[in-house]
Amino acid sequence: MPFYVIDSIFTQPFDTFGDTVAAHRAYLQQGYDSGLLLCSGPKADRQGGILIANASDPDEITRFLAYEPYQQQGLAHYRLTPFDALKQHPCLAGFTHQP
């Protein structure tokens, strides 16, 4: 399965997000529990975030993000970039395939 870099771009200042932050983090946990998400966090400039996902096709991620609280509230939009992890740390061996 390919990896995806998911670039979250905020449409409003982060300090206006309020209770949506807790809902966002709870929703992302569902992605971790299902094995879709591998890591995530805010960008240093707090203008968005980065998520790393592992999915069989981009539609799986698009379906997941359709219900993401930031997106549903109009606080962020997402850009997906697929990539093949040709080199990786051994701890990722279970998540990647070698050509």
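Is Ala53 buried or exposed, and what is its relative accessibility? At 0% relative accessibility, Ala53 counts as buried, where buried means under 20% relative accessible area, exposed means over 50%, and partly exposed lies in between, computed with a 1.4 Å probe on protein chains only.

## Basis of the model

This is a predicted model, in which local features need pLDDT of at least 70 and side-chain atom pairs count only at pLDDT 80 or more, while totals for chains, interfaces and linings use all residues. Residues are numbered from 1 along each chain as its sequence is written, and side-chain values use heavy atoms, with hydrogens and water left out.

Ala53 has its place in strand β3; helices (H or I, at least four residues) and strands (E, at least two) are DSSP runs numbered from the N terminus. Leaving aside residues up to four places away in sequence, Ala53 touches Pro2, Phe3, Tyr4, Ile6, Leu36, Leu37 and Ile61, a contact being heavy atoms within 4.5 Å. Ala53 and Ala23, by comparison, are 30 residues apart in sequence and 19 Å apart in space, C-alpha to C-alpha.

The largest nonpolar core has 19 residues, and those with the most contacts inside it are Ile6, Ile61, Phe64, Tyr70 and Tyr78. Such a core is a set of buried Ala, Val, Leu, Ile, Met, Phe, Trp, Tyr and Cys residues joined through side-chain atoms within 4.5 Å. Two or more residues of this core come from each of β1, α1, β3, α2 (58–66) and β4 (76–83).

## Ile6 and Ile61

Ile61 lies in helix α2 and is buried, at 0% relative accessibility. With residues up to four places away in sequence not counted, Ile61 touches Tyr4, Ile6, Leu36, Ala53, Ala55 and Leu80. The C-alpha atoms of Ile61 and Leu37 are separated by 9.3 Å, and these residues are 24 apart along the chain.

Under that sequence limit of four places, the residues that Ile6 touches are Gly49, Ile50, Leu51, Ala53, Ile61, Leu65, Tyr78, Arg79 and Leu80.

## The largest pocket

The largest pocket has a volume of about 220 Å³, and of the 16 residues that line it, His24, Arg25, Gly41, Pro42 and Tyr70 are the closest to its centre. β1 (3–10), α1 (20–34), β2 (37–42) and β3 (48–54) are the elements that give two or more residues to this lining. On a 1 Å grid over the protein atoms alone, a pocket is an open set of points where a 1.4 Å probe fits, with protein on both sides within 12 Å along at least five of seven lines, and lining residues have an atom within 4 Å of a point. Grid points are joined across faces, edges and corners, and a volume is the space filled by probe spheres set on the points.

The lining divides into 8 nonpolar, 6 polar and 2 charged residues, with Ala, Val, Leu, Ile, Met, Phe, Trp, Tyr, Cys and Pro counted as nonpolar, Asp, Glu, Lys and Arg as charged, and the others, Gly among them, as polar.

## Cysteines and loops

A search of the whole structure finds 0 disulfides, a disulfide being a pair of cysteine sulfur atoms within 2.5 Å. The sulfur of Cys91 is 10 Å from the closest cysteine sulfur, in Cys39, which is too far for a bond. Cys39 is partly exposed at 38% relative accessibility, whereas Cys91 is exposed, with a relative accessible area of 57%.

Arg46, in the loop between β2 and β3, has a phi near 60 degrees, a positive value in a residue other than glycine.
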